[in-house]
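Hi,

Here is the structure I promised to pass on. Have a look at it first, and then read my notes below.

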Amino acid sequence: MDNVKQASLLSLEQLQDSEKKQAEALREQPVKVLQFGEGNFLRGFADWMLQHSFKQGHFRGTVAVTQPRPTGRMKLERLRSQDGLYTLLTRGVQNGEQVDQQEVISVISRMIDPYEEWNDFLALAEHPELDIIISNTTEAGLTYTPTPYSLNEPMLSFPAKLTLLMYCRYQFFEGAGDKGWMLLPCELIERNGERLQEIVLMHARDWKLEEGFIAWVQEHNLFLNSLVDRIVPGAPSDAASWQAQLGYQDQMLNTAEPYHLWVIQGPASLDERLPLQRAGLNVHWVEDLAPYQLRKVRLLNGTHTLMASIGLVHGCQSVREIAEHAEWGAEARKAMLEEMVPAVPLPAQEMQVYASEVWERFLNPFVEHRLGDICLNSMSKFRVRLLPTLKAYHEQFEKLPEKVVKALACLIFLYDAQEQDGGWSGRTLDGARVKLSDDEGALRFMQSSWDEYRNGAVSRSGLIQRILGNEELWGEDLNEISGLPEAVWAELEELELSQS
């Protein structure tokens, strides 16, 4: 630990000669990508890909990073203090061989906090070389929120900020067709590119912007549906020992599994603009994204969300811990194979093979994927990742998927939310509190619902009916699904009894 304390913070000056030369060569390139999202995933996925492409002699540009929410300020400041550098550890098993690599990622050249540097953010619109927009703001970030038009104050929502930035670009370049962008949202919702375009146009019409701008958005910008797949859990639990080994302090140390996949709905010719496939990366330009989207969101992400609610309530901290757990690991695997796979309208054999591959990735001994990180925005994640399985299974078999129902009950139990020290926490069976990060309205609704139950204003069944009936949370009244309120009530009662 003493060596770690004495080590200098990672910076350009700390790099080895070869890494420093590469970083300096990169920094001579113009900003070609604007990235909405400073988190682990994009830094271990898109940024790593762009740097790999640069090393292969294809991509010629750097990345400007901006955070979609004010809470991302600390990560942005840490990146800035390290000259935009961070170390990526790629660890796991691929094609039967162990992979254990480390690399300093240097493709990020600018960090812009839109809430503190609003004018600098809007000035990005005037960069002629800026060509690609990438985002990962979670499912909750790709939503429409009515927002007043203002050039003087930062807007909170990602789509609103993007719309204004596009309008500034349209004005500055006088509607030039060759100044449109390729937009690649990585949020895990169906038709994410189309959805982003739809929200941008909603803001444009709200603000009564001219029809010429609306036409420019539609005709000269590519909003591409895409699907991303890589487990990027962030800093390892033994970060201190790693930093002693590296010889410098890295506040943004990141880890990723070797597996990576980016499927983009668009013509293969677009690889000229975003040269990832030619760099040998597992990137596919396809006509139809739907099959890839469906299997990944329902099986991999659905199982992650199920593991997070069940695991956290029962004291598990990571994906591998719950996957290896004698009881809850077996439950999670049964949920995947017996409830999720049958509810996906794709060839059963193909789904079984994919499910086996996913489970193998969950057991990666080198990657600690924290359930607390997966828990981010769990309400919207359940709606996107598990609710379709629940409904499809119920319709197909005329009964409820027991494990998915258990996950819903655990989510409701976990979201017995309390506000503490400017943040929120949920409860577990052992009485510990875990951090909750979700929509403020959703958290306050869950808090008030549980408070009413404890105060005797509603019964336990009334609590369930109130929560399941919130159409803002679920997009519909879940009380209408036959037997669901009773099944959730029974699971929640079992949790309450086990706690007492």
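**What I found**

Arg73 counts as partly exposed, because its relative accessibility is 28% and that class runs between under 20% for buried and over 50% for exposed. Before you go further, please keep in mind that this is a predicted model. Arg73 sits in helix H5, which covers residues 73-81. Leaving aside residues up to four places away in sequence, Arg73 touches Gln67, Asp113, Tyr115 and Glu116. One of these, Asp113, is 40 residues away along the chain, yet the C-alpha atoms of Arg73 and Asp113 are separated by 6.8 Å.

Most residues other than glycine have a negative phi. Lys208, which is not a glycine, has a positive phi of about 55°, and Asn377, also not a glycine, has a positive phi of about 55°. Each is in a loop between helices: Lys208 between helix H9 (192-206) and helix H10 (211-220), Asn377 between helix H16 (371-374) and helix H17 (378-385). So which of the two is buried and which is exposed? Lys208 is exposed, because its relative accessible area is 72%, over the 50% cut-off. Asn377 is buried, because its relative accessible area is 6%, under the 20% cut-off.

Now for the whole protein. It has 23 helices and 15 strands. With 500 residues, a compact globule would have a radius of gyration near 23 Å, and the protein has 23 Å, so the two agree. The C-alpha atoms fill a box of roughly 60 × 60 × 50 Å along the principal axes. Buried residues make up 56% of the 500. Of the contacts between residues at least 6 apart in sequence, 74% join residues at least 24 apart. The protein exposes about 20900 Å², with carbon and sulfur atoms supplying 45% of that. As for charge, there are 47 positive and 73 negative ones, and their mean positions are 2 Å apart.

UniProt, in an unreviewed entry, annotates residues 32-276 as "domain: Mannitol dehydrogenase N-terminal". That span is 33% helix and 22% strand, and its end C-alpha atoms lie 14 Å apart. For residues 288-495, the unreviewed UniProt entry lists "domain: Mannitol dehydrogenase C-terminal". Here the chain is 66% helix and 6% strand, with the end C-alpha atoms 43 Å apart.

Cheers

Terms used
Residues numbered from 1 in each chain as written. Predicted model: local features only at pLDDT ≥ 70, side-chain atom pairs only at ≥ 80, totals over all residues. Heavy atoms only, no water. Helix = DSSP H or I, 4+ residues; strand = E, 2+ residues; numbered from the N terminus. Rg over C-alpha atoms; globule rule 2.2 N^0.38 Å. Buried < 20%, exposed > 50% of the residue type's maximum accessible area, 1.4 Å probe, protein only. Contact = heavy atoms within 4.5 Å. Areas by Shrake-Rupley, 256 points an atom, 1.4 Å probe, with all protein chains shown as cover. Lys, Arg positive; Asp, Glu negative; His and termini not counted. Charge placed at Lys NZ, Arg CZ, Asp CG, Glu CD. UniProt positions renumbered as here; feature names shortened; annotations may be inferred.
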